[in-house]
Amino acid sequence: MSKIKIAASILAADFAYLKDQIHLAEKGGADWLHLDVMDGHFVPNISFGPFVVGAIREHTKLPLDTHLMIETPDRFLEDFRKAGADIITVHQEACIHLQRTVAHIKDLGAKAGVAINPATSTSLLQDILPDVDLILIMSVNPGFGGQTFIKGSERKLKEAKDMIARTGREIYLEVDGGIDTETARAVIKAGAEVLVAGTSVFRGGDIPKAIQALRTGIME
């Protein structure tokens, strides 16, 4: 997992032209598409559900990195998997029986991720590490795009990276929130391997150029 992956977050895309925007992200070299699913309960916003995920699946072969910012995610795991989600990430804060939820995701044939909010300690990830494929560190409070990166998130990434290293397993370390050409290098230095970028990719006017600029900034 040496190559840094860019997961373009469609939350910031223009949904009136979503198919075209996805193809532009592919042209720019995005590795994954990040799909932020919000229910208006776990987070103060509503985005979309399995139907939109299924529509996206029809127009891309990129892995669909599906981030469930919802209460009781167990109710919808099968729906999102059937819609085409390749990776399904749930929040530690939303799952009463986290290991059971993760096991269910893997039984469905998807990769399983666990996310934590900015105020949640990385220590709460310790017991689930043997079972997951991805850890997502939120560097903003979830619910809205375009937020400012929370300073101190680098420390949490370093902690998570060390915890993952001790397992000896290959687990993606992903970061989501306020990622642009300035913050990208800091989070990579802290151990992040997958960068979720929405506003910096889709709101600049030239999607391929924005992804390439982010990639170039990473490599400098």
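**Around L195**

Leaving out residues up to four places away in sequence, L195 touches I4, K5, I6, A7, V175, I179, A184, V187, I188 and I218, where contact means heavy atoms within 4.5 Å. This is a predicted model, in which local features need pLDDT of at least 70 and side-chain atom pairs count only at pLDDT 80 or more, while totals for chains, interfaces and linings use all residues. Residues are numbered from 1 along each chain as its sequence is written, and side-chain values use heavy atoms, with hydrogens and water left out.

L195, together with L33 and I135, touches the most other members of the largest nonpolar core, which has 61 residues. A nonpolar core here is a set of buried Ala, Val, Leu, Ile, Met, Phe, Trp, Tyr and Cys residues joined through side-chain atoms within 4.5 Å. Buried means under 20% relative accessible area, exposed over 50%, and partly exposed in between, with a 1.4 Å probe and protein chains only. Another core, of eleven residues, lies apart from that one and includes I87, L134, L136 and V194.

Now the strands. L195 is the bridge partner, in β8, of V175. Helices (H or I, at least four residues) and strands (E, at least two) are DSSP runs, numbered from the N terminus. Strand β8 (residues 194-197) runs parallel to β7, with three bridges between them; two strands pair if DSSP finds at least two bridges. From β7 to β8 the chain passes through helix α6 (residues 183-189) in a right-handed β-α-β crossover, that is, clockwise from the first strand over the helix to the second when the strands point away from the viewer.

How much of β7 (residues 172-176) is buried? Five of its five residues are, so the strand is largely enclosed by the rest of the structure. Y172, E174 and D176 point one way, L173 and V175 the other. On β6 (residues 134-138), five bridges link to β7, again in parallel.

Last, D31, in the loop between α1 and β2 (32-38). Is D31 buried or exposed? D31 counts as buried because its relative accessibility is 13%. Its side chain makes a polar contact with the side chain of K3 at 3.0 Å, and a polar atom of the D31 side chain lies 2.8 Å from the backbone nitrogen of I6. A polar contact is a pair of N or O atoms within 3.5 Å; within protein, one must be able to donate a hydrogen and the other to accept it, and residues adjacent in sequence count only if both atoms are side-chain atoms.
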